[in-house]
Amino acid sequence: MSTCVGDHSGPIEQFLLEDGGDPAYRYYRRPGVIRGADNRLIAYYEGQKIQGEKRQTLFCRVSRDAGASWSRRIALADGGANGMLHNLMMAYAGGRYHCLWNVQYRQLWYRSSADGESWSAPRDLTRMIWRADSEYPWNALGIGSGHCVVLKSGRILIPTWFTVGGDSHKPSAFANIYTDDCFETLKIGQVLQSGEAIINPNEGAVAELENGDVIATVRHDNEARARAFARSRAGIEPWRDVTFRADLPDPICHASMLGVKDETDGDCLLFCNCANPDPDWKVKREAGLARYPWSDDARKNLVLRRSTDGGKHFSNGLCLSDQAGYSDLAYAGGMVVCLYETGWNMEETCVFPHQLAVARVPLGALVWA
């Protein structure tokens, strides 16, 4: 695996969770990882084959040693030839893992498990979410990517993008779906809408701060190729303080964020993204090397950073890989565990990763300012 080192080197253990050798699945997308009881980790992601005989399956794997080794693949849902599965997320609350996923950007499904290996029967939450009150007249939605967040109150937040554009996905807006009763009911918090402050906020990650605020970082379509952040009381009240961080460049891609509590190294906020401002994407588009609003090779230089002041400042960070994509973070046994897309090529662009990788970094390796 090709890796890079940022401004500071550090101890990084890396290996492939999916090496691309299974002919049944050509791509692996939208990874997530979450910690449960006894430092058990659940990694989850999509396996895709979209040419010829189509196949799409949602998988998970279990680790009992802080991500050093993983179980066999466990299938959570199968799309068959026509059912497009998408945007898998999990939370751990009440002694159970709660798993959510989309079908065709219209349906929302749910399963739960006590151990991450044996799962309840699928339950359809579609009617529940479509009946939830919202000031935004959406007609399609996508949860995640990444993980849900359990607040100190016990409330579960599911970061979600909504759109009034149907399959075109735009214009888009961002909000948290939330539940106070472990998915017996669902509600939609205040919506961060597209406007003067931000254009098409969509895929986001959230974390709870000590003062009860929830900080969100969202993907967007502004000209500034920098991460956008906003804050909301409890993650469901109006969003405020929308800012674009020039110190956190981004090529229009999902990013991950995680709040960590550690008795030795202290509380902190972790952030991971493809730290590439993609400055030449318009030139590359003219040359046929930008088939999207970003360059075909834009998703690179995956950097893991740490903040000790609630996201006001982040460290220079560790660069985990020079070829990446979506990622997610968990913390177990003193190790930051990052699950991320990799293994793409220029013929298919960075949107189609053939592999998934795991990076394990001691939290203490991210202490510099």
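Reader: Why is phenylalanine 183 called buried?

Author: Buried means under 20% relative accessible area, exposed over 50% and partly exposed in between, with a 1.4 Å probe and protein chains only. Phenylalanine 183 has 0% relative accessibility, so it counts as buried. Bear in mind that this is a predicted model, where local features need pLDDT of at least 70, side-chain atom pairs count only at pLDDT 80 or more, and totals for chains, interfaces and linings use all residues. Residues are numbered from 1 along each chain as its sequence is written, and side-chain values use heavy atoms, leaving out hydrogens and water.

Reader: And what makes tyrosine 110 buried?

Author: Its relative accessible area is 7%, and the limit is under 20%.

Reader: Why is the pair of tyrosine 110 and phenylalanine 183 called tilted?

Author: Rings of Phe, Tyr and Trp (its six-membered ring) pair if their centres lie within 6.5 Å; planes under 30 degrees apart count as stacked, over 60 as edge-to-face and the rest as tilted. Here the centres are 5.0 Å apart with 35° between the planes, so "tilted" is the word. Tyrosine 110 lies in strand 8 and phenylalanine 183 in the loop between strand 13 and strand 14, so the pair ties together parts 73 residues apart in sequence.

Reader: How do you know that arginine 299 lies over the face of tryptophan 294?

Author: A charge sits over a ring if NZ of Lys or CZ of Arg is within 6 Å of the ring centre and within 35 degrees of the ring normal. Arginine 299 is at 4.7 Å from the ring centre of tryptophan 294. Likewise, the charged end of arginine 245 sits over the ring of phenylalanine 229, 5.7 Å from its centre.

Definitions and conventions:
Helices (H or I, at least four residues) and strands (E, at least two) are DSSP runs, numbered from the N terminus.
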